[in-house]
Amino acid sequence: MSGFLNAGGSADALRTILTNASSIGAQFGGVWPFDLTGDGDPETIVSIYDPLGQVYGPVPTGLLLVYRCADQLALLLYHDAGPPMPQVARMADLVGAGRGGEIAVVHSDCGAHTCFDTLDVLGWDGAGFVSLMGDRLQMPHPTYAFVDLDGDPALEIQAVSGQIASAGAGPQRTATETWDWNGSQYVKVAESISPPEYRIHVVHDADDLLLRGDVADAIELYNRVIGDEMLRDWLLEIGVERPNDRANLTAYAWYRIVMAKVRLGDVASAQAAFDRLSADFPAGAPGHEYQELAQIFWSKYQESNSLSVACLAANAHANNETDVLDGLNAFGYANRQYVAQDMCPFVGP
């Protein structure tokens, strides 16, 4: 490669040679002249794959090389061999420096079903190429785009996740992250997830709100878990013989309403919620384990008038009765896994 460039070969000619050698194809590889160092002279960026090499998921073995012309010789500035091959996502003045530019590279880590892609932005610091990412940006099957969201010279990174392509991962939501240039690094400045379609994800959102102290909003979502007929139920969808997820999550939501009402000091409403839970989920009914959990919590609260004491009792019960956690942890490894202390997190002064 360097011998060809030293002999005066052009980027266009090198691209033709590598294409004819099946090292560049329609999907992978390329040769580009682009000024990455800001000296006004373009470097030669070469991305090639090995057509006979190992394939990692959909990504083959390959190389990313950056050459600079110095004293009429091609000097190798950068070398990345993967595996699998690093893929060039973008070359541009990404940070708005006004001269030269940066190269965005994607590294894929592929398993049996899913590739997790890591985006890196490389910039020239005068001596070599360094990462300009303040943290690791990695997602399953993502879409990474450089966009102008705020009108300043630097482009923002908009990252949208795909889904883990495995039934064992369970139901998933799409995550969107925005990364902005702060003058020295790209840092994450915003993140969001898509609206919930599955009942379990409304449970997660409600639990998060309750933990943050947004009690009224949490109760609203728990009521949605109980009554929203449009929410999807994962175990039913995948054909489990006795899909108890709706019963379990409904009973759990009533239990959390009892707890939330106690947090608000509304003991009468807490009693009413407990009575409804007990009536709808008697012994032998799917979801009854959450009535038992609520019974422990409510009895201990009435005895002690202490939310913390009631929580300690509920968590101890959940630690001994694994069915309580099993009903919440039946949604695949891509979803949160509850532990006993999550059942009643308001422990302490």
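**Figure 1. The charged end of Arg-263 sits over the ring of Phe-346.** The charged end lies 4.1 Å from the centre of the ring. A charge counts as sitting over a ring if NZ of Lys or CZ of Arg is within 6 Å of the ring centre and within 35 degrees of the ring normal. The model is predicted: local features need pLDDT of at least 70, side-chain atom pairs count only at pLDDT 80 or more, and totals for chains, interfaces and linings use all residues. Residues are numbered from 1 along each chain as its sequence is written, and side-chain values use heavy atoms, with hydrogens and water left out.

**Figure 2. Phe-146 and Tyr-186 form an edge-to-face pair.** Rings of Phe, Tyr and Trp (its six-membered ring) pair if their centres lie within 6.5 Å; planes under 30 degrees apart count as stacked, over 60 as edge-to-face and the rest as tilted. By this rule the count comes to eleven aromatic pairs. In the pair shown, the ring centres are 6.4 Å apart and the planes stand at 75°, so the arrangement is edge-to-face. Phe-146 belongs to strand β12 (residues 143-147) and Tyr-186 to strand β15 (residues 186-193), so that the pair links distant parts of the chain, 40 residues apart. Helices (H or I, at least four residues) and strands (E, at least two) are DSSP runs, numbered from the N terminus. Phe-146 and Tyr-186 are both buried; buried means under 20% relative accessible area, exposed over 50%, and partly exposed in between (1.4 Å probe, protein chains only).

**Figure 3. Tyr-255 and Phe-297 pair between two helices.** The ring centres of Tyr-255 and Phe-297 are 6.2 Å apart and their planes are at 90°, so this pair is edge-to-face. The pair links distant parts of the chain, with Tyr-255 in helix α6 (residues 245-264) and Phe-297 in helix α8 (residues 288-304), 42 residues apart. Tyr-255 is buried, with a relative accessible area of 0%, and Phe-297 counts as buried at 0% relative accessibility. Ring pairs link Tyr-252, Tyr-255, Tyr-290, Phe-297 and Tyr-338 into a cluster.

**Figure 4. A disulfide joins Cys-110 and Cys-115.** A disulfide is a pair of cysteine sulfur atoms within 2.5 Å, and the structure holds two. Here the sulfur atoms are 2.0 Å apart, and the link is right-handed, with 105° about the S-S bond. Cys-110 is buried at a relative accessible area of 18%, and Cys-115 is buried at 5%.

**Figure 5. A disulfide joins Cys-311 to Cys-344.** The S to S distance is 1.9 Å. The torsion about the S-S bond is about -50°, so the disulfide is left-handed. This pair links distant parts of the chain: Cys-311 lies in helix α9 (residues 307-320) and Cys-344 in the segment after α10 (323-326), 33 residues apart. Both Cys-311 and Cys-344 are buried. With bonded cysteines counted along the chain, the disulfides of the protein follow the pattern 1-2, 3-4.

**Figure 6. Cys-69 is an exposed residue.** Cys-69 has a relative accessible area of 62%. For the setting of these views, the protein has ten helices and 15 strands, and buried residues make up 47% of its 349 residues. Along its principal axes the C-alpha trace spans about 90 × 45 × 35 Å.
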